[in-house]
Amino acid sequence: MTIAAVARHAGVSTMTVSNVFNGKGKLAEATRERVMQAIEALGYRPDPMGLRLKGAAIARIGFIHFDVESMFISGAIAAITVAAAERGLQLLIRRSKAVSRQEALALAGELVRAGA
């Protein structure tokens, strides 16, 4: 699925689709709604790799875990990975043996600096 297909479906330009998707530009509400309906109908999601090539900001989420042996954590990581990929998000996972609040905050700071 491409942005061009969404534009054709909505009867607008690719720039209009891009503006709607990114929340930019001044558009009539009817146009914005038509584009959103086309995005929904076609199931369009931007390609994360394409966004990186264009230098666009990548949405990232961070996940810090402390017990890799836990079945709960393993299941949570698997579910979060799938959900992030479906939404075009980049997932940053860090394992920590932090035992103090200060160590945990330092690791969280590392994720923030990485863009999560």
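In this predicted model, the cover over the buried residues of helix α2 includes helix α1, residues 3–10, and helix α3, residues 29–42. Helix α2 itself spans residues 14–22, and its buried residues are Thr16, Val17, Asn19 and Val20. When the helix is viewed down its axis, these buried residues fall within an arc of 160 degrees, so they line one face of α2. After α2 comes glycine 23, whose phi is positive, near 70 degrees.

Threonine 16, which lies in helix α2, has a relative accessibility of 15% and therefore counts as buried, because buried means under 20% relative accessible area. If residues up to four places away in sequence are left aside, threonine 16 touches Leu27, Thr31 and Val35.

Threonine 2, by contrast in position, is placed in the segment before α1. Its relative accessibility is 43%, so threonine 2 counts as partly exposed, a class that sits between the 20% limit for buried and the 50% limit for exposed. The C-alpha atom of threonine 2 is separated by 8.4 Å from that of arginine 45, although these two residues are 43 residues apart along the chain.

| Residue | Place | Relative accessibility and class |

How values were computed. Residues numbered from 1 in each chain as written. Predicted model: local features only at pLDDT ≥ 70, side-chain atom pairs only at ≥ 80, totals over all residues. Heavy atoms only, no water. Buried < 20%, exposed > 50% of the residue type's maximum accessible area, 1.4 Å probe, protein only. Helix = DSSP H or I, 4+ residues; strand = E, 2+ residues; numbered from the N terminus. Arc of directions from axis to C-beta. Contact = heavy atoms within 4.5 Å.
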